Amino acid sequence: MAIGGGLDRRPILGGMLAGLASPARLSAAPILTLKSGPRLFTGTPLDKNRLALTFEKVDLPLPPIKVSNGAAKLSLDSLRGKTRIVTLWAEWCAPCLVEARDFAALRRRFAGPTFDIVAVLTGSAEKLDFAGATARLTQARVAGLPLLVEPNGGKRLMQTLSPSPMGDGGTLPCTLLVDSRGRVRGRSRGAPTAALPPGAAAKQPGSYILTDADKRAMLAGDRGTLWQSPDGDALVTALRDGILDRL
């Protein structure tokens with residue numbers, strides 16, 4: 001659907017990776033995000049913002065799980081001192097990569113002393129290292145987005161921060177809003193209104209699982225998510241200006 005329209009609530013899935021050792025434990029969330037808990041921004045100027053409405057209210061510490069930044073290993077809970085959008089992604093999740101393109105564009109405009117955006121690879125089926133993950137982002141036309149990698153295909157971050165509602169495992173895409181103290185205050189699962197491949201809705205109106213061809217078409221296209229809309233600008237501006245530390 002076009003960015004300017006209303007939210008389409010059909011449960012369109014981002015596609016589950018074939019060939020995983022335990023495919024039931026890793027899954028792709030709906031492309032069209034549905035909130036599953038209390039709204040984070042109720043009672044704020046963002047309470048009618050379409051993108052802000054996708055974030056459920058949580059209060060979780062970033063876990064002390066080791067990640068690599070290409071030069072050294074650090075603990076994820078060291079991400080303090082500024083508000084951050086943390087996007088969890090994997091190479092098998094096409095909607096994650098579409099959303100990452102929008103995050104890279106937003107970072108070029110909004111990053112600064114009080115705000116940043118970082119991508120964290122977790123649940124990599126190919127066990128991508130930092131160089132491999134960087135190459136995959138470049139291939140998807142994602143440039144200038146800071147990257148952290150959970151080593152050796154680890155999926156503890158996904159399982160801890162984005163547990164599957166179906167039980168054991170984790171779900172992607174997942175976007176986290178982290179305050180300056182390093183606490184996760186908001187979580188959105190699924191890429192909000194990510195572009196569907198042409199004809200996808202016509203193939204199966206009720207729900208649609210992306211094929212490999214669909215995912216290639218999605219990544220080759222230029223349509224994105226609500227993050228590239230005025231609602232995205234408004235939400236990122238509020239995050240940069242410290243709204244999480246005032247909630």
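**Close-up 1. Asp116 and its salt bridge to Arg107.** Asp116 counts as buried at 13% relative accessibility, where buried stands for under 20% relative accessible area, exposed for over 50% and partly exposed for values in between, computed with a 1.4 Å probe on protein chains only. The model is predicted, with pLDDT of at least 70 required for local features and 80 or more for side-chain atom pairs, while totals for chains, interfaces and linings use all residues. Residues are numbered from 1 along each chain as its sequence is written, and side-chain values use heavy atoms, leaving out hydrogens and water.

**Close-up 2. The salt bridge between Asp231 and Arg50.** The closest N and O atoms of this pair are 2.6 Å apart. Because Asp231 lies in helix 6 (residues 230-240) and Arg50 in the loop between strand 2 (26-28) and strand 3 (56-61), the pair ties together parts that are 181 residues apart in sequence; helices (H or I, at least four residues) and strands (E, at least two) are DSSP runs numbered from the N terminus. Asp231 is buried, its relative accessible area being 18%.

**Close-up 3. Glu56 and Arg187 within a salt-bridge network.** The side chains of Arg187 and Glu56 form a salt bridge at 3.0 Å, N to O, which links Arg187 in strand 11 (residues 183-189) to Glu56 in strand 3, distant parts of the chain 131 residues apart. Both residues, Arg187 and Glu56, are buried, and together with Arg189 they are linked in a network of salt bridges.

Technical notes
A salt bridge is a side-chain nitrogen of Lys or Arg within 4 Å of a carboxyl oxygen of Asp or Glu.
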